[in-house]
Every structure is written in structure tokens, then in C-alpha cells.
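Biologist: I am new to this protein and would like to go through it with you. Could you bring it up?

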Amino acid sequence: MTTRAANATNVTSDDLGRDEGLAQAEIATLTIMFLVTVIGNAAVLLAISTRPRKKLSRMYYFILHLSIADLCTAFLSILPQLAWDITY
């Protein structure tokens, strides 16, 4: 029983079935997705914020809320997955 417990602590990434090449590709893809999402939505928020308040139509408010929701998705979904993949 102690031999089995000692072997369980010496598990490598190869024993877990992780393909390092695939993991690097996933990390690169998630990084690109995160950066494009944050930069793109920040640009949209900046463009909407520079417009005069009295000229904002319903469509601008709709785009504003979509951009905020997309940023929430990026920070609450993509970023934790990226952190998990990097530290795994």
C-alpha cells in the first residue's frame, strides 16, 4: 500500500495523458482570444464614451451593454481557463 501511495505522488504530465503541444496551442489560442476581446471591447467602450450623451440612441446603449457583457465573459470565463491551462 505504501508503494502505491509513493508512486501516486510521482505522477508526471505524461502519466496524466497531457499532450504538451496541444496544451501550448490551447494556451496560445486562449491568449489571443482574451487579448482580442479585451482590446476590441475597450475600443468600443472608448468610442461610445467619446460621443455626447444626448446623442446616444437605443442602439448605442445596446452595443454598450453587449460590450460590457463580453468583457465580463472574458474576465470570468476565458481568463480562469487560461490560468488553469497554464498552471496545470
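Biologist: Where is the place of Ala 42?
Modeller: Ala 42 is in helix α2; helices here are DSSP runs of H or I with at least four residues, strands are E runs of at least two, and both are numbered from the N terminus. Please note that this is a predicted model, in which local features need pLDDT of at least 70 and side-chain atom pairs count only at pLDDT 80 or more, while totals for chains, interfaces and linings use all residues. Residues are numbered from 1 along each chain as its sequence is written, and side-chain values use heavy atoms, with hydrogens and water left out.

Biologist: And why is Ala 42 called partly exposed?
Modeller: Ala 42 is called partly exposed because its relative accessible area is 39%. Buried means under 20% relative accessible area, exposed means over 50%, and partly exposed is in between, with a 1.4 Å probe and protein chains only.

Biologist: How far is Ala 42 from Ser 67, by C-alpha atoms?
Modeller: Their C-alpha atoms are separated by 8.0 Å, and the two residues are 25 residues apart along the chain. Ser 67 lies in helix α3.

Biologist: Is Ser 67 buried or exposed?
Modeller: Ser 67 counts as buried, because its relative accessibility is 2%. Leaving aside neighbours within four places in sequence, Ser 67 is in contact with Asn 41, Val 44 and Leu 45, where contact means heavy atoms within 4.5 Å.

Biologist: What about Leu 71, which residues is it in contact with?
Modeller: Beyond its neighbours within four places in sequence, Leu 71 is in contact with Thr 37, Val 38, Asn 41 and Leu 45. Leu 71 is in helix α3, and at 15% relative accessibility Leu 71 counts as buried.

Biologist: Let us change topic. Which residues make up the largest nonpolar core?
Modeller: That core has five residues: Leu 30, Phe 34, Ala 74, Ile 78 and Leu 82. A nonpolar core is a set of buried Ala, Val, Leu, Ile, Met, Phe, Trp, Tyr and Cys residues joined through side-chain atoms within 4.5 Å.

Biologist: What is Phe 34 in contact with?
Modeller: Setting aside neighbours within four places in sequence, Phe 34 is in contact with Ala 74, Phe 75, Ile 78 and Leu 79.

Biologist: And how far is Leu 82 from Ala 28?
Modeller: Their C-alpha atoms are separated by 9.1 Å, although the residues are 54 residues apart along the chain. Ala 28 lies in helix α2 and is partly exposed, with a relative accessible area of 40%.

Biologist: Now the surface. Which residues form a nonpolar patch there?
Modeller: Met 59, Phe 62, Ile 63 and Leu 66 form that patch, with about 390 Å² of accessible area together. Phe 62 is in helix α3 (residues 58-87), and Phe 62 is partly exposed at a relative accessible area of 49%. Accessible areas come from the Shrake-Rupley method with a 1.4 Å probe, and for residues only the protein chains shown count as cover.

Biologist: Which residues does UniProt list as "transmembrane region"?
Modeller: The unreviewed UniProt entry lists residues 27-48 and 60-84. In the model, residues 27-48 are 100% helix and 0% strand, with end C-alpha atoms 31 Å apart.

Biologist: Finally, how many helices does the chain have?
Modeller: The chain comes to three helices and zero strands. Of its 88 residues, 17% count as buried.

Conventions:
Patch = residues over 30% accessible without salt bridge, like charges linked within 9 Å, V, L, I, M, F, W, Y side chains within 5 Å. Salt bridge = Lys/Arg side-chain N within 4 Å of Asp/Glu carboxyl O. UniProt positions renumbered as here; feature names shortened; annotations may be inferred.
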